[in-house]
Amino acid sequence: MPNADDIRSGNKLAGARLIQLIEKSDPNGFKLLKELYPDSGNAFIIGITGSPGVGKSTLIDGLIEAFRKMDFKVAVICVDPTSPFSGGAILGDRIRMQRHVTDKGVFIRSMASRGHKGGLSRTTKDCSVVLDAMGYDIIIIESVGAGQAEFDIIKIAHSIGVVSIPGAGDGIQAVKAGILETANIFIVNKSDRPDADATVESLKMMLNMRFSSQTEWLPRIYKTNALDKTGITIVAKAFLSHLKFMRQNDEWTRKRNELERLYFQSLLEDLVMEKVLEFMAVSKEVEAAIKSIGSHETDPISAAEQIADKILGF
Amino acid sequence: MGVAKYIKDEKGAIKEVTYQSGITVKPAYGPEDLEQAGFEYKKDLGAPGEFPFTRSLHPESYRSRAWTTRQYTGFGTPEETNKRFKLMIANGQTGLNVAFDLPTQMGYDSDHPLAQGEVGRVGMAIDSLKDFEAAFAGIPLDRIGSGLTINAVATIMMAMYQAAAEKFGFKKEQISTTPQNDILKEMIGRGAWIFPVEHGVRLVGDSIEYAVKELPKSNPVSICGYHIRESGATPAQEIAYGFSIAKAYIDNVKDRGIDPSDFVGRFSFNFNVYGNLWEQIAKFRAARKLWAKMLKEDYGVTDKKKLWLRGLFGGGGSGLTKEQPENNIMRGAYYALGAALSGAQTTALCSFDEAYTIPTPRSALLSLRTLEMLMEEVGLRDTVDPLAGSYFIETLTLQMEEKIVEEMKEVEKWGGMVKSISNGFIQRKVSRQAYEYEKGLQSGEYRKVGVIPESERQESAKSGGTEKSDVELHEYNEEWAKHSISSLKEVRRTRNDKEVKDSLKALEKAAKGKDNIMPRLVRCCHAYATVGEMTGVFRDVFGEWTEPDFY
Amino acid sequence: MMKTTNKIRVLIAKPGLDGHDKGAKIVALALRDAGMEVIYSGLHQTLDQIIETAIQETVDVIGLSIMSGAHLPICEKLVAMMKENGLDDVRLSVGGVIPYQDIPKLEKMGVAAIFPGGSSFKEIVAGMNQLFD
């Protein structure tokens with residue numbers, strides 16, 4: 001059982017063990033998480049999203065280097081998709097960042113989505129709380145580039161970066177899917193490609209159509225070539241500018257509160273859902289209802305309403 | 001890998017045959033197949049020794065000269081290797097083929113922490129010019145050429161070879177060195193890479209440019225389809241990726257203003273022979289033709305000799321099995337037959353026990369006899385390209401050519417070989433194929449004689465119920481490391497520190513800019529800078545490569 | 001909280017300078033297809049890097065792929081480092097070019113599962129699963 005003080009002092013084994021307990025849904029894990037929660041709330045959480053193959057991991061490798069040079073302690077959570085057929089996963093993002101593995105100020109954790117929709121794993125937020133409590137200044141979360149339904153990252157990160165590549169239509173697709181409204185920094189990677197500038201222009205046009213007020217952060221667009229590290233330090237500084245902007249405009253507090261509320265909401269949903277599923281698995285009423293539906297004595301809609309009203313007391 | 005996929009009916013009759021490269025094979029071929037494939041004698045075949053060389057590079061091929069065989073050597077200390085070299089030369093060998101240990105291949109000195117347990121293990125340990133002087137002492141370097149199996153630090157080894165030769169009184173124009181020097185294939189299938197892709201290619205380019213100007217008898221690059229195939233590529237991909245790699249190197253040097261005609265003639269290839277016999281033969285015939293066409297059409301090379309696909313077509317270890325090892329003797333014979341029917345000029349054959357050990361003298365001799373028998377007894381020298389004109393082989397050769405071109409086009413679509421490897425496309429494709437093929441072998445979808453698929457085995461002991469031989473390893477000799485390290489210390493103590501420092505500084509300057517690093521490396525070698533120091537300069541300037549995601 | 005099914009987390013690592021990774025990669029894919037979560041470290045890992053990765057990822061198994069014949073000194077060192085770093089409940093397994101006669105030696109050192117070359121995917125998956133029965 002990891003020790004709260006060890007975790008607070010940044011002990012990697014202890015922190016990793018706690019993350020493990022949480023992933024295994026061990027009640028001791030949540031007990032400890034609750035205890036450590038007050039120690040969190042300081043880290044700057046950056047979400048990096050984008051379709052597969054755009055170079056997110058390579059970009060993050062460069063960001064780690066840039067932030068470390070500025071003396072920040074950096075943690076990274078990489079989420080990869082679980083195979084729907086086997087339930088297993090290849091967690092391969094870390095290979096791109098492996099040169100930082102023995103840097104004392106860096107922590108990299110790989111997670112599988114485990115069927116969770118939305119681009120992250122169900123326990124990503126919990127994991128970020130642990131890393132926050134361990135004292136990491138910046139936590140970068142790399143989300144599965146599902147493209148279409150990428151909304152989890154919005155609930156967890158203070159600042160969102162969307163990575164796309166020139167030419168690939170789906171770079172702009174991801175922008176259409178809802179990230180456009182929320183992303184703060186747009187990164188056009190593999191910018192050595194000939195159509196990089198055209199992609200930047202398209203993005204600019206789309207962003208100009210976005211509503212913005214005086215106190216809102218104007219999204220920025222950057223070109224990078226993650227393979228030869230061009231442009232990454234500027235992106236790192238851009239994220240820090242965003243952080244500064246948020247602090248100056250009280251946006252930071254508002255954002256933190258919003259994220260906390262979303263965390264509470266999602267935990268509540270999970271807890272309730274769990275209870276409902278447990279109930280459904282053993283309830284005689286549910287069993288009877290299913291029989292009635294089968295023999296056409298009642299329809300699924302009425303049956304569901306009845307059970308919800310009666311048993312759950314709504 | 002390498003075995004075709006056979007679909008049989010309940011009676012065991014073959015209903016479908018698909019080669020690994022993706023070609024389906026009919027039960028019988030006739031003149032209509034040639035017509036359908038668009039076969040034209042002059043365009044697709046030609047006479048032996050005539051463009052496009054499909055049949056053979058030479059008009060008489062084995063009639064004038066049997067194939068040559070190569071023996072790999074080198075382990076332990078340079079002094080021991082030197083003894084072995086002299087023995088082989090005394091036995092009539094006209095060329096040396098040198099192996100280096102892993103620390104040397106990876107640019108580390110023998111006393112580096114990562115070198116522990118590896119000094120002298122898989123080849124000779126080289127830390128500085130002193131070691132090369134010991135290895136090549138008393139060897140007539142003006143008459144004996146040396147193949148160096150070295151890639152990431154090939155430039156350093158080439159420079160050191162020149163420095164050693166100069167120390168012995170030879171001129172660089174007299175010596176012949178053939179470093180393998182194919183960094184792109186390392187990144188796909190052998191793993192001995194150091195620097196990022198573009199820098200690796202720059203170094204290859206520097207060595208080619210230098211060889212053109214200063215080392216007229218040397219062959220700067222040997223492109224290895226061999227390892228790419230061992231990693232999971234199909235035969236068509238082996239050629240396609242090999243040629244795409246060649247293009248990356250040619251383009252790099254061409255961009256420096258050097259005419260490809262000045263150096264492509266000295267490229268050689270290292271290709272794999274195992275698996276389905278006909279697929280291999282068609283592969284090599286198509287490869288000869290495509291290489292000549294590519295050089296002529298894309299690079300304007302006209303000199304006949306420079307259009308030749310020279311190389312070693314060697315029996316691949318992947319074909320052999322641990323199960324029933326004596327079966328590998330026959331496999332070796334069939335692979336050698338394939339190489340002979342393909343017109344290989346140079347060949348090598350894995351020994352039957354190579355799947356699990358370093359060959360014993362007896363098994364090495366069996367391989368040699370296998371190769372001899374084909375040439376001297378069974379009739380493979382009788383006539384050039386005996387299968388020419390076969391409806392099947394000519395159709396298959398054309399189809400193979402198509403497949404190879406298709407695969408090369410895909411690489412072009414991804415932006416060329418350098419981009420494909422940087423992004424991991426090739427690696428992912430090849431490892432997925434390796435996985436699918438291995439699954440197929442274990443499930444019985446592909447069959448190899450003597451190997452019982454998992455699904456048909458009774459649950460039994462570890463050996464799986466079939467005769468499987470155990471792996472035998474050479475004992476690692478701690479003395480090698482001790483010897484190398486003490487020699488290294490001596491070198492550091494006795495050399496001129498200022499000259500080392502200055503020469504390394506000049507190397508760094510060239511590496512940072514666009515100047516050719518080769519002359520600076522030669523100077524560093526003469527100053528007794530170590531392999532670790534010279535590679536260290538490159539590591540600082542170029543950085544180290546990070547592999548792309550493998551899945 | 002919502003229950004999740006426990007998955008076996010495996011680190012597939014290539015220690016040292018040897019670059020033959022085809023075996024490591026196909027085993028990683030086979031383990032994934034058997035429902036495990038596989039972290040692949042890449043080539044040229046030092047033992048320090050492997051330990052550090054195992055710590056941060058709380059892997060259940062460290063799976064070494066060694067084709068160079070150096071499995072005995074490497075495993076001996078790694079077992080000691082695992083103890084030093086508090087990784088007592090992590091299993092060590094090794095696959096690659098391993099003579100049968102070295103299997104008892106490795107077992108004695110504390111290696112929990114050994115897969116000599118030629119081990120089938122079925123054998124490897126079963127061997128890994130057995131570590132947690």
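Analyst: **Chain C and its neighbours**

C:Asp33 and B:Lys439 form a salt bridge, with their closest N and O atoms 3.7 Å apart; the term stands for a side-chain nitrogen of Lys or Arg within 4 Å of a carboxyl oxygen of Asp or Glu. Between chain B and chain C, the count is 1 salt bridge. Polar contacts across this interface come to 11 residue pairs, both residues at pLDDT 80 or more. A polar contact is a pair of N or O atoms within 3.5 Å; within protein, one must be able to donate a hydrogen and the other to accept it, and residues adjacent in sequence count only if both atoms are side-chain atoms.

On chain B, the elements giving two or more residues to the side that touches chain C are helix H4 (102-105) and helix H16 (425-443). H16(B) provides the largest share, 7 residues. By type, this side of chain B divides into 12 nonpolar, 7 polar and 14 charged residues. Here Ala, Val, Leu, Ile, Met, Phe, Trp, Tyr, Cys and Pro count as nonpolar, Asp, Glu, Lys and Arg as charged, and the others, Gly among them, as polar.

A word on the basis: this is a predicted model, in which local features need pLDDT of at least 70 and side-chain atom pairs count only at pLDDT 80 or more, while totals for chains, interfaces and linings use all residues. Side-chain values use heavy atoms, without hydrogens or water, residues are numbered from 1 along each chain as its sequence is written, and chains are lettered from A and ligands numbered from 1 in the order in which they are written.

In total, 33 residues of chain B are in contact (heavy atoms within 4.5 Å) with 36 residues of chain C. The two chains bury about 3200 Å² between them, 60% of it on carbon and sulfur atoms. That area is the accessible area (1.4 Å probe) that two parts lose on being put together, summed over both.

Now to chain A. Here 34 residues of chain C are in contact with 35 residues of chain A, and about 3100 Å² is buried between the two, 54% of it on carbon and sulfur atoms. The rule finds 5 salt bridges across this interface. A:Arg114 forms a salt bridge with C:Glu37, the closest N and O atoms being 2.7 Å apart. Helix H1 (22-33), strand E2 (37-40) and helix H2 (47-56) of chain C are the elements giving two or more residues to the side that touches chain A, and H2(C) contributes the largest share, 6 residues. Helices (H or I, at least four residues) and strands (E, at least two) are DSSP runs, numbered from the N terminus.

E2(C) runs parallel to strand E3 (residues 89-91) of chain A, joined by 3 bridges; strands pair if DSSP finds at least two bridges between them. In E2(C), C:Ile39 is the bridge partner of A:Leu91.

H2(C) is mostly covered, with 9 of its 10 residues buried. Buried means under 20% relative accessible area, exposed over 50%, partly exposed in between (1.4 Å probe, protein chains only). Among the buried residues are C:Leu47, C:Ile50 and C:Ile51. The cover includes helix H2 (12-23) and strand E4 (106-112) of chain A, together with, among others, helix H3 (71-84) of chain C.

Finally, A:Ser83 lies in the loop between strand E2 (74-80) and E3 of chain A, and A:Ser83 counts as buried because its relative accessibility is 14%. Its side chain reaches the backbone nitrogen of A:Ser86 at 3.2 Å. Leaving aside neighbours within four places in sequence, A:Ser83 is in contact with A:Gly88 and C:Arg32.
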